[in-house]
Amino acid sequence: MGSCSNQIALPLLLVISPSFAFEIKEATVNQIQEAFKRKELTSRDLVEFYLREINALNLLLRAVLEVIPDALDQADRADKEIEATHGECAKGLHGIPVLLKGKIVTRDLLKHHG
């Protein structure tokens, strides 16, 4: 059985994706985690969706200053942990992208910027 890390996927926004049976727009953290457990959604799907939303909206809004370069890798790790633990890691913010407001330096950014 695998173990859960303390990784959180990546920063982004919330909207709706017609390609998912699971509706993202108004979903709570618990609903997203349940969708992970039911294999209706993966962290990678969520991160890719949010990256598309940032690319589409950020030209106009200019609200997202930076995205963690290895966000998809982090999402893949979260998905593997959720799979290896049969959903036990699917709780809290594990595997869920977050968008931080303001100028906040995270370990991920320090790792990439030195």
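Let's start with helix H3, residues 71–84. It has 14 residues and reaches 20 Å from its first C-alpha to its last, close to the 20 Å expected at 1.5 Å a residue. That expected span is 1.5 Å times one less than the number of residues. Helices here are DSSP runs of H or I with at least four residues, strands are runs of E with at least two, and both are numbered from the N terminus.

A word on the source. This is a predicted model, where local features need pLDDT of at least 70, side-chain atom pairs count only at pLDDT 80 or more, and totals for chains, interfaces and linings use all residues. Residues are numbered from 1 along each chain as its sequence is written, and side-chain values use heavy atoms, with hydrogens and water left out.

Back to H3. Which of its residues are buried? Ala-71, Gln-74, Ala-75, Ala-78, Asp-79, Glu-81 and Ile-82. Buried means under 20% relative accessible area, exposed means over 50%, and partly exposed is in between, with a 1.4 Å probe and protein chains only. These H3 residues cover an arc of only 165° around the axis, so they sit on the same side of the helix. The arc is taken from the directions from the helix axis to the C-beta atoms. After H3 comes His-86, with a positive phi near 55°.

Now confidence. pLDDT is the predictor's confidence in each residue, from 0 to 100. The chain mean is 78, and 69% of residues reach 70 or more.

The whole chain next. There are 4 helices and 0 strands. Buried residues make up 37% of the 114 residues. Take contacts, meaning heavy atoms within 4.5 Å. Of those with a separation of 6 or more, 75% join residues 24 or more positions apart.

Ala-63 lies in the loop between helix H2 (43–61) and H3. Is Ala-63 buried or exposed? Exposed, because its relative accessibility is 57%.

Last, aromatics. Rings of Phe, Tyr and Trp (its six-membered ring) pair if their centres lie within 6.5 Å; planes under 30 degrees apart are stacked, over 60 edge-to-face, the rest tilted. That gives 1 aromatic pair. Phe-49 and Tyr-50 have ring centres 5.4 Å apart and planes at 55°, so the pair is tilted. Both residues are buried.
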